[in-house]
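Can you walk me through how to read a protein model? I'd like the general idea of each feature and then the case at hand.

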Amino acid sequence: MKKLENKTVLITGGLCDIGIACAIAAAKEGANVAVADIRSDNMDCTMEEIKNENSKAIFLECDISEMDELEATVQKVVSTFGTLDIAFNNAFICGELSDVNDLTVQAWLKLIGINLNGVFNCMKTELAQMAKQGNGVIVNTSSILGKIGFNTSSHYIAAMNGVIGLTRAAALDYDGEGIRINALCPGYIETPLPMSNGIDNNPNMKQFHVPNYPMQRLGNSEDIASGFLFLACNDSSFMTGSMLEIDGDYITM
């Protein structure tokens, strides 16, 4: 029996590398997959990869800052597949590097609006459906930077701290209602849109970070997909309000 057989998974930020890896992993485990993203670039290629694992997959264009778009997305998922069993709230931006004094109000509001308010918007919409069903799993994307400080990234740090707090509080709200809510806290991941700012486009940044990892490498999208599957399936049935660190032991250095 596959771990997510006949379950329906919604992934926001589904066209970024981490979202794609998680969508493919979910499809391999038998899930119906709804990929949502604000953009549709490379959508056809991505959906073909997913459908190679499970033909029951759809793409939905959605801006998580717009509640009406999120509500329409959830409605479409339910009308297509019947339920919303698992939601992976993975849409985020990295933002510009800046000291607090030099950070513009616009840059602060933009990042908080997507990385924190966007997660709230997603959860509010998803939980309305899951509460009707009496079951569901939510996995939020935070970061190890939600647990430590890092210079020139105050808005990103604040948002990731906020996602951790939101996850813990919401998990308590829904204890006993058949709904589990956890978060992933990745370390630095090698993708075109990394959890840090521009690490793949700046070899000096990569050389700076790798020695800080006891494992002597950065993470990859498949590492995060493995963590997502664990939190999404019954292997983690006694976990809620938890933060799963996938960071190569970076945070303890």
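Predicted model: local features only at pLDDT ≥ 70, side-chain atom pairs only at ≥ 80, totals over all residues.

Q: How many helices and strands does the protein chain have?
A: Helices (H or I, at least four residues) and strands (E, at least two) are DSSP runs, numbered from the N terminus. Here you get 8 helices and 7 strands.

Q: How much of the chain is buried?
A: Buried means under 20% relative accessible area, exposed means over 50%, and partly exposed is in between (1.4 Å probe, protein chains only). Of the 253 residues in the protein chain, 51% count as buried. As for surface, accessible areas come from the Shrake-Rupley method with a 1.4 Å probe, and for residues only the protein chains shown count as cover. The protein chain exposes about 11,300 Å², with carbon and sulfur atoms supplying 51% of that.

Q: Where does Cys185 lie, and what does Cys185 touch?
A: A contact means heavy atoms within 4.5 Å. Cys185 lies in strand β6 (residues 179-186), and Cys185 counts as buried because its relative accessible area is 0%. Leaving out residues up to four places away in sequence, Cys185 touches several residues, including Ser142, Ile164, Met243 and Lys147. Take Lys147: Cys185 and Lys147 are 38 residues apart in sequence and 8.7 Å apart in space, C-alpha to C-alpha. Over the protein chain, take the contacts between residues at least 6 apart in sequence: 71% of them join residues at least 24 apart.

Q: Which side chains meet in salt bridges?
A: Side chains of opposite charge can pair when their charged atoms come close. The rule for a salt bridge is a side-chain nitrogen of Lys or Arg within 4 Å of a carboxyl oxygen of Asp or Glu. By this rule the count is 3.
One of these joins the side chains of Glu245 and Lys147 at 2.7 Å, N to O. Glu245 lies in strand β7 and Lys147 in the loop between β5 and α6, so this pair ties together parts that are 98 residues apart in sequence. Glu245 counts as partly exposed because its relative accessibility is 34%.
Another salt bridge brings Asp235 and Lys3 together, also at 2.7 Å, N to O. That pair links distant parts of the chain, with Asp235 in the loop between α8 (221-232) and β7 (243-246) and Lys3 in the segment before β1 (8-12), 232 residues apart.
Then there's Arg39 with Asp37, whose closest N and O atoms are 3.9 Å apart.

Q: Are Arg39 and Asp37 buried or partly exposed?
A: One of each! Arg39 counts as partly exposed because its relative accessibility is 33%, while Asp37 counts as buried because its value is 7%.

Q: Which residues make the surface patches?
A: Patches are made of residues with over 30% relative accessible area and no salt bridge; like charges are joined within 9 Å, and nonpolar side chains (Val, Leu, Ile, Met, Phe, Trp, Tyr) within 5 Å. For charge, Lys and Arg count as positive and Asp and Glu as negative, with His and the chain ends not counted. The place of a charge is NZ of Lys, CZ of Arg, CG of Asp or CD of Glu.
In this model, Glu61, Glu66, Asp68, Glu69 and Glu71 gather in a patch of negative charge on the surface. Helix α3 (residues 67-81) gives the largest share of the negative patch, 3 residues. Glu71 is found in α3, and Glu71 counts as partly exposed because its relative accessible area is 39%.
Val105, Trp108 and Leu109 make a nonpolar surface patch of about 300 Å².

Q: What about helix α4, where Val105 lies?
A: Val105 lies in helix α4 (residues 105-115) and counts as exposed because its relative accessibility is 56%. Elsewhere in α4, Ala107, Leu111, Ile112, Gly113 and Asn115 are buried. The buried residues of α4 pack against α5 (117-133) and α6 (154-173).

Q: Which phi value does Asn42 have?
A: Most residues other than glycine have a negative phi. Asn42 has a positive phi of about 60°, although it is not a glycine. Asn42 is found in the loop between β2 (32-37) and α2 (43-51).

Technical notes:
Residues numbered from 1 in each chain as written. Heavy atoms only, no water.
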